[in-house]
Amino acid sequence: MDGLSDLYQEVILDHYRRPRNFGLPPEAERQADGHNPLCGDRVRVAVHLDGGRIAAIGFEGSGCAISTASASLMTEAVRGRTLDEVHALFQRFHDLVTLPAGEAGAEPDGSLGKLEALAGVREFPMRVKCATLAWHTLEAALEGATSAVSTE
Ligand code: ZN
């Protein structure tokens, strides 16, 4: 993970070793599966909505440090948010990990909180799919998709 700052590496390793919200909430009524064949990451995301907000969210699966940490950080970031807020957050996160350094939206500015620990993956195009897998899977779950999501 050369290129990631020490602080960011610490956040990623912490969430990889002790993933938050690991396990599916029993009250979840929507879920989806995601697969990143390039890396072998697999994730299942399940959510419970209440009043148009994500009231509970959890994930299961196995994958690399980036995919696991990203899923863990995502669950913390989206809980309590409306679906519109989640879509907007994913868009900002996607910009953060895909836009070339220097472009508007590419630099961490604090607005994404701990999610910004993953900003360095833009230097590693293969890793972008690891970092966004859980988000694509969450979107599929929110859309009520029943089929599996693949990054390919
Ligand atoms: Zn991966």
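**Helix packing and the zinc site**

In the predicted model, helix 1 (residues 6-17) packs against helix 2 (residues 65-78) at an angle of about 85°, the axes lying 8 Å apart. Helix 1 is therefore roughly perpendicular to helix 2 (65 to 115 degrees). Axes are lines fitted to C-alpha atoms over the stretch in contact, with angles from 0 to 180 degrees between N-to-C directions; helices are DSSP runs (H or I) of at least four residues, and strands (E) of at least two. Contact (heavy atoms within 4.5 Å) involves Val-11, Ile-12, His-15 and Tyr-16 of helix 1, and residues of helix 2 including Ile-66, Leu-73 and Glu-76.

Residues are numbered from 1 along each chain as its sequence is written. Local features need pLDDT of at least 70 and side-chain atom pairs pLDDT 80 or more, whereas totals for chains, interfaces and linings use all residues; side-chain values use heavy atoms, without hydrogens and water.

Helix 3 (residues 83-98) and helix 4 (residues 125-142) cross at roughly 165°, their axes coming within 11 Å. This makes helix 3 roughly antiparallel to helix 4 (over 145 degrees).

Helix 4 also contributes to the zinc site through Cys-130. The zinc ion is coordinated by Cys-39 (SG), Asp-41 (OD), Asp-41 (OD), Cys-64 (SG) and Cys-130 (SG), at 2.2 to 2.7 Å; donors are N, O and S atoms within 2.8 Å of the metal (3.2 Å for Na, K and Ca). Cys-64, in the loop between strand 3 (53-62) and helix 2, lies 66 residues from Cys-130. Cys-64 is buried, with a relative accessible area of 14%, and Cys-130 is buried at 1% (buried: under 20%, 1.4 Å probe, protein chains only).

Notes
Parallel < 35°, antiparallel > 145°, perpendicular 65-115°, else oblique. Buried < 20%, exposed > 50% of the residue type's maximum accessible area, 1.4 Å probe, protein only.
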